[in-house]
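Please keep the sequence and the structure in view while reading.

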Amino acid sequence: MEKKNLIVCHGDGDGLISAAIIAKSISKTEIIITQPFLLDKITVDTNVEKIFIVDIAVNNKNVAMTTDFAKKHEGKIALWADHHAGAEILSEILGKKLIFNANEPSCPSLLAKNGFIVSDEWLNA
């Protein structure tokens with residue numbers, strides 16, 4: 001089975017644009033659109049080499065659900081980018097794989113400040 005990359009994104013405009021930004025920089029990509037409270041429902045295929053998570057906040061009603069997902073897939077998570085307060089809890093699990101700043105207005109803006117090419121019109125999506 002051929003290796004692929006997986007992008008997991010929030011189902012709003014911010015998340016979808018962030019997924020498009022990541023997809024432009026990697027190949028062989030599948031995108032799963034979800035909500036923070038559904039993260040534990042995602043099945044990661046065995047042929048997934050890297051996981052990129054964008055605009056998925058920590059589930060504030062069940063923090064353990066989010067941290068358990070991060071721990072389970074830590075070896076495959078290449079990037080978790082988020083601008084929602086609370087994501088800093090993931091730094092203990094993910095270290096430098098976490099790009100987080102609650103002061104950013106959007107996830108595309110956060111990605112742009114971390115080396116990704118982002119069109120001006122997408123910065124504040």
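With which residue does Lys41 form a salt bridge? The partner is Asp40, and the closest N and O atoms of the pair are 3.9 Å apart. Lys41 is exposed, with a relative accessible area of 60%, while Asp40 counts as partly exposed at 43%. The model is a predicted one.

**Salt bridges**

The structure holds six salt bridges. Three of them are listed here.

| Residue pair | N to O distance |
|---|---|
| Asp45 and Lys4 | 3.1 Å |
| Lys41 and Asp40 | 3.9 Å |
| Lys97 and Glu74 | 3.0 Å |

Asp45 and Lys4 meet through their side chains. Asp45 is in the loop between β2 and β3 and Lys4 is in strand β1, so this pair ties together parts that are 41 residues apart in sequence. Asp45 is partly exposed, with a relative accessible area of 33%, whereas Lys4 counts as buried at 17%.

The pair of Lys97 and Glu74 also meets in a salt bridge. Lys97 sits in the loop between α3 and β5 (98–100), and Glu74 in the loop between α2 and β4, so that distant parts of the chain, 23 residues apart, are linked. Both count as partly exposed, Lys97 at 23% and Glu74 at 29%. Elsewhere, salt bridges that share partners join Lys4, Glu30 and Asp45 into one network.

**Nonpolar residues inside and outside**

In soluble globular proteins, nonpolar side chains tend to be buried together. The largest nonpolar core of this model has 21 residues. Among those with the most contacts inside this core are Val8, Leu39, Ile51, Ile53 and Trp80. Two or more residues each come from β1 (4–10), β3 (48–54), α2 (63–73), β4 (77–82) and α3 (91–94). Leaving aside residues up to four places away in sequence, Ile53 touches Val8, Phe69, Ile77, Leu79, Trp80 and Ala81. Another core, of 15 residues, lies apart from the largest one and includes Phe52, Ile99, Cys107 and Leu110.

Ile31 is in strand β2 and is partly exposed, with a relative accessible area of 41%.

**Cysteines**

How many disulfides does the structure hold? The count is zero. Cys9 is in no disulfide, and the nearest cysteine sulfur, that of Cys107, is 9.7 Å away. That distance is too far for a bond. Cys9 is buried, with a relative accessible area of 0%, and Cys107 is buried with a value of 0%.

**Backbone angles in two loops**

Most residues other than glycine have a negative phi. Lys28, in the loop between α1 (13–25) and β2 (29–34), has a positive phi near 50°. Asp55 has a positive phi near 60° and lies in the loop between β3 and α2. With a relative accessibility of 1%, Asp55 counts as buried, because the cut-off for buried is under 20%.

**Helix α4**

Ala112 is found in helix α4 (residues 107–112). Ala112 is partly exposed, with a relative accessible area of 29%. Not counting residues up to four places away in sequence, Ala112 touches Val118 and Leu123. Between Ala112 and Gly86 there are 26 residues of separation in sequence and 21 Å in space, C-alpha to C-alpha.

How values were computed:
Residues are numbered from 1 along each chain as its sequence is written. This is a predicted model: local features need pLDDT of at least 70, side-chain atom pairs count only at pLDDT 80 or more; totals for chains, interfaces and linings use all residues. Side-chain values use heavy atoms; hydrogens and water are left out. A nonpolar core is a set of buried Ala, Val, Leu, Ile, Met, Phe, Trp, Tyr and Cys residues joined through side-chain atoms within 4.5 Å. Buried means under 20% relative accessible area, exposed over 50%, partly exposed in between (1.4 Å probe, protein chains only). Helices (H or I, at least four residues) and strands (E, at least two) are DSSP runs, numbered from the N terminus. Contact means heavy atoms within 4.5 Å. A disulfide is a pair of cysteine sulfur atoms within 2.5 Å. A salt bridge is a side-chain nitrogen of Lys or Arg within 4 Å of a carboxyl oxygen of Asp or Glu.
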